[in-house]
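Subject: Structure for you to look at, with notes

Hello,

I am passing on the structure below, followed by notes on what was found in it. Please read the notes with the structure open beside them.

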Amino acid sequence: MKKWETKCSCTIYQILSGRSNSFLLSNEKRFILIDTGRKNSYKSLIQRLEGFGVNENSLIALILTHTHFDHAENVLKIKEKFKPKLYVHQTEAKYLMKGENPSINGTNYITKFFTDLFATDILQRIKYSPAKYDYLINDNYNLELLGFKACIIHTPGHTVGSISIIINNEIAIVGDAMFGIFKESVYPPFADDPKLMIKSWGKLLDTGCSIFLPAHGTSNSRELLQRQYDKYKKRFGL
Ligand SMILES: [Zn+2]
Ligand SMILES: [Zn+2]
């Protein structure tokens, strides 16, 4: 299992990988889970969490980077099992409460063709178990109160309420604000508002982070993100 350590003794484990990544933050005493993956990964997720000694007392928070089904399908079950406080951006609470997906558009010819034809229909059909949030995120949320040198920032564009978790200004967990699947590109195949997403890349580059962990694929370097930001900034006239 991949892991990263920050200078503030926070460890980030990539607890699920494959089609959707999920990350576990640990400060040695407590844990925060970020995203929950697809429902067919539920068993492995639980086994791995229990392998770390995660229980009702130690899992203090579950943060959803956004409310697409491939991140949220196990939320209700994890909430019921470990009772963490659930954090989501305020603009996506309505989706979570109904088990619905925020809208997306294709960002290239192929995915655009696909979403123009099917996206609304398919996204409406792929529902997940609704869950109730405990805390709503607005722009920024400091996680120091929970004992982690980390904060949540709003990085919209892929969806309206996409958020990223910045750990000690070193490592960012970014959900689908970028992808880590293509070699020289971080540009996701789907986004609700691509221009806004590029602005969010700028926000992420304003942090001191050098590693960006997406929910699909492997980590992106700051250098790659900067190159992509410069390229798309021009393309979108920003
Ligand atoms: Zn998504
Ligand atoms: Zn996703």
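In what follows, a residue is called buried when its relative accessible area is under 20%, exposed when that area is over 50%, and partly exposed in between, as found with a 1.4 Å probe on the protein chains only. Helices (H or I, at least four residues) and strands (E, at least two) are DSSP runs, numbered from the N terminus.

This is a predicted model, in which local features need pLDDT of at least 70 and side-chain atom pairs count only at pLDDT 80 or more, whereas totals for chains, interfaces and linings use all residues. Residues are numbered from 1 along each chain as its sequence is written, chains are lettered from A and ligands numbered from 1 in the order in which they are written, and side-chain values use heavy atoms, with hydrogens and water left out.

I begin with helix α1, where Tyr42, Leu45, Ile46 and Leu49 are buried. Seen down the axis, these buried residues fall within an arc of 95°, so they line one face of α1; the arc is that of the directions from the helix axis to the C-beta atoms. On the other side of α1, Lys43, Gln47 and Gly51 are exposed. After α1 comes glycine 53, with a positive phi near 80°.

Helix α3 can be described in similar terms. Its buried residues are Val75, Ile78, Lys79 and Phe82, and they cover an arc of only 100° around the axis, which puts them on the same side of α3. They pack against β4, α1, β5, α2, β6 and α4, and α3 is followed by lysine 83, whose phi is positive, near 55°.

Next come the nonpolar cores, each being a set of buried Ala, Val, Leu, Ile, Met, Phe, Trp, Tyr and Cys residues joined through side-chain atoms within 4.5 Å. The largest has 28 residues, and those with the most contacts inside it are Leu24, Leu33, Leu49, Leu59, Val75, Ile78 and Leu96. At least two residues of this core come from each of β2 (11-16), β4 (31-34), α1 (42-51), β5 (59-63), α2 (69-72), α3 (75-82), β6 (85-89) and α4 (93-98), and the largest share, four residues, is that of α1. Apart from this core lies another, of 23 residues, among them Cys10, Phe23, Ile165 and Ile171.

Leaving aside neighbours within four places in sequence, leucine 59 is in contact with Leu24, Phe31, Ile32, Leu33, Val54, Ile78, Phe82 and Pro84. Alanine 61, found in strand β5, counts as buried at 0% relative accessibility, and with the neighbours within four places again left aside, alanine 61 is in contact with Phe31, Ile32, Leu33, Pro84, Lys85, Tyr87 and Leu146.

A salt bridge here is a side-chain nitrogen of Lys or Arg within 4 Å of a carboxyl oxygen of Asp or Glu, and by this rule the count comes to seven. In one of them, arginine 38 pairs with glutamate 73, with the closest N and O atoms 2.9 Å apart. This pair links distant parts of the chain, since arginine 38 is in the loop between β4 and α1 and glutamate 73 in the loop between α2 and α3, 35 residues apart. Glutamate 73 is buried, with a relative accessible area of 9%. Another salt bridge joins glutamate 100 to lysine 127, the closest N and O atoms being 3.2 Å apart; both glutamate 100, at 27% relative accessibility, and lysine 127, at 45%, count as partly exposed.

I end with the largest pocket, which is lined by 19 residues, of which Phe69, Asp70, Ile104, Leu123 and Phe190 lie nearest its centre. A pocket is found on a 1 Å grid over the protein atoms alone, as an open set of points where a 1.4 Å probe fits, with protein on both sides within 12 Å along at least five of seven lines, and lining residues have an atom within 4 Å of a point. The largest share of this lining, five residues, comes from α5.

Best wishes

Technical notes: Contact means heavy atoms within 4.5 Å.
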